[in-house]
Amino acid sequence: MTAASAGPDGPPGSTPQRSRGVALVAAAAAAAGVVIAVAVTTSSAPADSADDRAPTPSTETVEAVSRPPARTVRVPAREAVPAGSQINPERPDLIVLPSGTRVRVRLASTLRNGTFAVPANIDAAGWWDGGARIGDPFGAILIAGHVDSAVQGLGPFAELLGVGTGDPVVLESRQLRQAFVIRSVALLPKAELAEQSGLFAVDGAPRLILVTCAGPFDADAGGYQNLAVVTATPSGGVEDH
Amino acid sequence: MMKSQLRWVSLAALLAAGLSLPGTPALGKAPATGSVYVIQALPDAAISVAVDGKQQTADAAVKTILGPYDLSPGKHTLTLTSNEPSWTMKSVVTVEAGKSKDVVLHRPASASGDPVITVYPNPMAPVNADEGRVMVAHTAVVPPADITVNGEVFFANIANGEFLTKDVPGGTYEVAIVPTGTSDDPVLGPLDLEVESSTLTQVFAIGQPQGGGMDVIVHKLPLQKAGSGAPTVINTGSAGLVDDWEVSGAKDTGVQPATLLWLAGAALILSVGASPMVKQLSRRARDRRIGGA
């Protein structure tokens, strides 16, 4: 794969725009009157996937320069490429609940007053934009959905009140999918939410936190008194879909 | 090949490594220029750099980070010159408005190969609060490598000219470079890498293992924050329809805080000291830090 070369301290190789792989070019250094054999390795990829892994030649061009005392050289600048194991995290846009119900997930933010702006339409859930995404190596992915509304009735997240440990949940994003399994279901008094920093932490093992409201309902005390908090952990890797 | 007989490169200089934190383009308006950094990753070479024919730096030693050169969108010519041995490279780099690139002059994977230029796009997208972004780049005379973090493979199978990026919580990570598929005998490290929040930390592995010639160049750039703060109120119901529903899975509500504590307490998915080897290496790494403030 290599050829006679000026070595690591020698002049850069001499290759114009070219295809992937290893190229061997012999270039004459006209100015110096010296013939230089140059090997330019554009890939260090293992043999099994050399073509896939070789950095792509860039559209950027290199031209020969002739400086009388210097060797005449050409080297292509190459665009760095992500390694094959790169995962580009994406926010979830769909959740499949244990029953198989598919719920659209929209980006949602925390308002200035600290309230999480869950989508008004109870048929959609909200992914907290300060949390982890599918493919992030650490942290909590937090998704909240309405349990009900006076106008629309029960929401799909009402199902969470009846799920149990071991039940499956799937998240999907534009290009990614990951399966989770429910590890715990718990009731959290609404007033204690701010103390549960683990629900919103960017560190810790990857996990999925699903939140909806739970009884009792006291109209005179702000409505639902509890949150149902479902914690799930990945049961499989991040996949393309 | 060449995976062993490594000796620790002195990393003391890394503490003083040039960590440039230049300003980002002004907020709120589309930047009219793009940024180009030139990173000199050729050991034992002194490189002069000219941009569009204008001399910028003479005799830049290895690990020098030059720039940023704020350039108008379009093609610009970089001229890299070495006096000993004598050669000149001329490379046309395409600049995009609002984008940042690292142009790295480095060794190829083959020990007998000639220097190459690789253009790395700098991932400048905003990052979540309390997180930083790490990009590791392979610009060394090494076959494809894994990057272990706290003893576990975290960045898998990176070849020369490639890179991997992840967003991680701010903190200090124990990082090592090992030949792909092996867990021992690092070609570099482990050493401590400090990842600051709201910062892009780029780590370029350079040099060659023989003779302890592996090293890293750390390039840090500020990132803007993404996302909103943690909610203190979540209202997800208003009709009282589930007032008396039993939450079937929550019989033992005491589990909840404990579970959360456990999850949060697992500060890293990667267990520290997973093996005697890691423990041993950890001790060796104790006083080696990179990217430190």
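Modeller: Start with B:Pro68, which lies in strand β4 (residues 65-71) of chain B. Strands here are DSSP runs (E, at least two residues), as are helices (H or I, at least four), and both are numbered from the N terminus. The peptide bond joining B:Gly67 and B:Pro68 is cis, with omega at about 10 degrees.

This is a predicted model, in which local features need pLDDT of at least 70, side-chain atom pairs count only at pLDDT 80 or more, and totals for chains, interfaces and linings use all residues. Residues are numbered from 1 along each chain as its sequence is written, chains are lettered from A and ligands numbered from 1 in the order in which they are written, and side-chain values use heavy atoms, with hydrogens and water left out.

Another cis bond runs from B:Glu84 to B:Pro85, with omega near -5 degrees. B:Pro85 sits in the loop between β5 (74-82) and β6 (87-95) of chain B. Most peptide bonds are trans, and most residues other than glycine have a negative phi.

Now the positive phi values. B:Lys63 has one near 80 degrees. It lies in the loop between β3 and β4 of chain B. B:Lys63 counts as buried, because its relative accessible area is 18%; buried means under 20%, exposed over 50%, and partly exposed in between, using a 1.4 Å probe and protein chains only.

B:Asp44 has a phi near 60 degrees. Its place is the loop between β1 (34-41) and β2 of chain B. At 75% relative accessible area, B:Asp44 is exposed.

B:Asp52 also takes a positive phi, near 50 degrees, in the hairpin of β2(B) and β3(B), which has two residues between the strands. β2 (residues 47-51) and β3 (residues 54-60) of chain B pair in the antiparallel sense over four bridges; pairing requires at least two DSSP bridges. B:Val49 has B:Thr57 in β3(B) as its bridge partner.

Further along is B:Thr118, in strand β8 (residues 116-121) of chain B. B:Thr118 is buried, at 0% relative accessibility.
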